[in-house]
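Here's a quick walk through some ring contacts and a bit of sheet.

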Amino acid sequence: MILLIQPPFVQLNAPYPSLYYLRSFLEDQGYDVQIDDHSIGLFHRLFSPQSLERVFNDGLVRLAKQPHLEPHAEHIARQYLSERELWIAHIDRLVAFLQGKDQEYAHVISLCNNSLPTGPRTQALLADHQHALLPDQANILASTMLADLADFITAVLDPTFSLVKYADSLAASIRSFSRAESALQGYVLTTFYEPLLKETWERCTERPDILGLTIPFPGCLAGALAAARSAKSYFGPQFPIIAGGGYVNTELRHIKAAKFFDYIDYLSFDRGYGSFLSVLDSLKSSPEADPNLHRCIFRGPSGGPSGSADTSIARYDTIDREATSTTYPDYRGVDFTRYILPVDDTNPMHRLWTEGRWLKAYLAHGCYWHACAFCDVQLDYIRGFQPVPVEPLFSHLRAQSKQTGIRGIHLVDEAAPVSSLVELALLNRKAGLPLTFWGNIRFEKAFTPDVAALLAAGGLLGVSGGIEVASAAGFKRLGKGIGLAEVVNSCAAFKEAGILTHAYLIYGYWDQDAQEIVDAAETMRQLFAAGLIDSAFWHKFVLTRHSRIYREKEQGRHKDLVIIDEDSENPTDFFADNDLRFAGEGNYDRYTKPLDSLLAQWMQGHTEQPVRSAFPFAMPAPTIPPNRVEELLAAYLAQKEASAQPEDLENALTIFVGPQPWIEVKPTSAIMWWRWNFSEYAVRFTKSAHKKADQETELTVLTEDPKATAEGVLSILTALRSAGTHKADSAYQELRKLLPQKTADPLWRFLRGSGLVVLTAAAR
């Protein structure tokens with residue numbers, strides 16, 4: 001039996017997908033697999049009445065014996081302790097409410113009376129609402145209360161604790177393993193996680209043959225080490241343990257720390273399927289020999305690391321490629337009601353991340369662009385682009401949806417391919433829209449108004465994509481292959497279709513000056529003001545060893561980029577090394593708060609403030625024209641109008657994604673009606689025009705036989721609503737059989753704006 005564990009902490013609203021992909025693969029190979037999600041497991045262990053009793057008791061002892069807080073912070077901590085009975089009384093209902101189980105609790109806490117325990121976050125929220133919240137707002141109040149409790153634990157007992165990470169500051173590119181190992185002494189791990197681990201081993205009906213741990217983020221490392229230490233203590237020091245995931249792939253490719261392998265025997269790199277299988281095959285054949293493993297670093301005979309992350313064995317390389325296309329996540333047996341749905345932001349796009357129990361899956365491995373200068377483009381998870389056949393994936397997700405009751409899909413691609421999204425939307429529409437989905441994309445020209453309309457009609461809720469630096473210099477530096485015009489065009493298409501948009505932003509490049517930062521901020525202000533972006537997030541630039549920038553630096557370019565090399569004092573303790581420091585990076589810290597402040601205002605709809613005024617130090621005036629985005633929007637609308645002409649349809653496909661129209665026949669006319677995007681559209685077929693039609697929502701078509709013509713057009717649209725796509729030129733010719741060109745062309749253009757989608761070869 002293979003035991004797979006997700007260490008704490010990852011997002012708490014849904015299971016992280018990697019182990020569920022791996023289980024499918026391993027079961028296909030004939031193995032029995034069990035999964036334990038310790039991220040949500042430790043959450044429930046910690047946020048319970050019994051555990052909070054322990055937390056508050058230990059907090060009292062810590063404050064009495066080791067006062068280490070500032071006076072104001074200590075005062076707040078004592079406020080928590082004074083309300084300890086209220087916190088303990090509320091915690092079960094608070095958690096149940098965030099699980100969606102105890103809806104009556106909304107009325108309890110929205111009263112905002114003296115029975116409600118509060119911390120600084122909750123007090124600020126209540127003050128903002130004049131202590132008068134509706135039950136509909138209780139979800140954000142409950143989420144804020146939970147965050148307050150987490151803050152107390154962090155401030156008083158465990159500075160490395162956070163709700164969705166643990167000791168990540170000690171794990172991200174820490175050169176010394178000894179320093180990373182120090183996180184194992186954390187209060188939450190020793191007090192609450194170690195007992196949970198012991199119970200996990202005791203529950204096993206049979207001794208596992210191997211333990212697999214996924215470490216997708218730095219904040220999961222400490223939990224993974226704790227799980228490994230506990231497993232070896234329980235099952236014996238020879239018990240084999242393997243770890244993989246995003247953190248392993250990026251950070252540990254050059255590990256030299258021998259002591260790390262006292263915890264974990266094997267590190268599995270890149271796609272993981274072939275690597276894991278090569279370890280299993282080795283354990284079965286010659287467990288005592290020094291093996292030759294596929295993309296794996298492992299404990300060698302001397303106890304130190306052996307093997308290589310880049311060693312490729314042809315058989316397992318083939319398995320990796322085949323499994324990437326044929327393995328789908330299996331969430332069978334997952335109790336989704338255990339997961340909570342916190343609301344950490346009222347922004348509708350932000351809420352997609354946490355306020356939904358999504359089934360997570362990808363449409364493609366890697367990124368089809370894989371050229372952005374800051375990204376880890378040299379590693380397989382970016383460089384090794386391989387799309388997944390969409391039809392079998394869709395069939396699998398439908399079956400998973402029926403088994404789990406979860407109908408939302410979070411596509412976790414680096415950048416979902418346009419053609420795959422289109423196919424997914426068509427399949428979902430054909431099946432009657434059993435699923436909704438959202439995910440990461442690249443803001444590019446292929447996302448035309450027609451594509452966006454089809455995706456919305458096929459179930460797409462929102463997209464997130466990288467803008468990074470919204471300036472001409474920024475786009476050029478990053479090599480994104482797009483400019484501001486493509487961003488405006490794709491975002492405008494998404495917003496017209498009713499799809500939410502989120503942008504990733506970066507500041508702090510080694511050669512970035514204040515002018516570029518303020519210009520990028522002004523561009524983002526205009527994008528928010530135009531309603532093209534719903535939410536965004538600023539990231540400070542991190543130089544990584546596997547980026548194109550670093551490769552170019554090694555080739556002699558970027559003379560002004562000075563890397564500060566960090567080495568462990570003890571070479572045998574060398575650990576993580578992907579993130580690199582560079583001279584001057586600290587100079588950009590002063591931009592963090594002003595940029596975050598601007599973003600918070602924009603996301604609340606306040607875009608009038610000049611961006612320069614948000615900085616508490618001198619900044620140059622933006623060089624971006626104040627109407628730059630408006631000009632690009634005008635160009636987008638003109639291009640959209642031109643594309644509606646019935647030309648170049650030979651290789652295009654079409655589909656009518658509007659609802660089924662209906663006809664009202666009158667003595668001298670026939671009117672065809674339907675609704676699209678909250679507007680009512682009408683085509684009046686008549687022998688003579690009696691009134692001027694609204695050019696946007698109404699069209700008058702002159703014809704000798706109104707009833708027959710209307711029924712003919714209805715027949716065409718009905719056919720175009722059927723499953724799949726149809727040849728656009730054939731559809732247009734069918735229309736020409738009913739009407740002369742001077743009448744058919746305006747009707748075609750009118751339909752293009754009210755549900756008739758045309759997909760060119762470039763858009764597919």
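## Charges over rings

Start with Arg590: in this predicted model, its charge sits over the face of Phe617, 4.0 Å from the ring centre. There's another arrangement of this kind at Tyr509, where Arg477 lies over the ring face at 5.0 Å from the centre.

## Aromatic pairs around helix H1

Searching the whole structure turns up 41 aromatic pairs. Take Tyr21 and Tyr362: with ring centres 4.7 Å apart and planes at 10°, the pair counts as stacked, because planes under 30 degrees apart fall in that class. What does this pair tie together? Tyr21 belongs to helix H1 (residues 18-28), while Tyr362 sits in the loop between strand E10 (359-361) and strand E11 (364-365), so the contact joins parts that are 341 residues apart in sequence. As for accessibility, Tyr21 has a relative value of 5% and counts as buried. Tyr362, at 14%, counts as buried too.

Helix H1 also brings in Phe25, which pairs with Tyr273. Here the centres are 5.0 Å apart and the planes make 50°, so this one goes down as tilted. Again the link spans distant parts of the chain: Phe25 is in helix H1 and Tyr273 in helix H13 (residues 273-285), 248 residues apart. Are these two buried or exposed? Both Phe25 and Tyr273 are buried.

## A ring cluster

Some rings join up into a group. Phe177, Phe260, Phe261, Tyr263 and Phe575 are linked into a cluster by ring pairs.

Strand E21 (residues 653-656) pairs with E27 over 4 bridges, in the antiparallel sense.

Note on methods
Residues numbered from 1 in each chain as written. Predicted model: local features only at pLDDT ≥ 70, side-chain atom pairs only at ≥ 80, totals over all residues. Heavy atoms only, no water. Phe/Tyr/Trp six-rings, centres within 6.5 Å; stacked < 30°, edge-to-face > 60°. Helix = DSSP H or I, 4+ residues; strand = E, 2+ residues; numbered from the N terminus. Buried < 20%, exposed > 50% of the residue type's maximum accessible area, 1.4 Å probe, protein only. Lys NZ or Arg CZ within 6 Å of the ring centre and 35° of its normal. Pairing = 2+ DSSP bridges.
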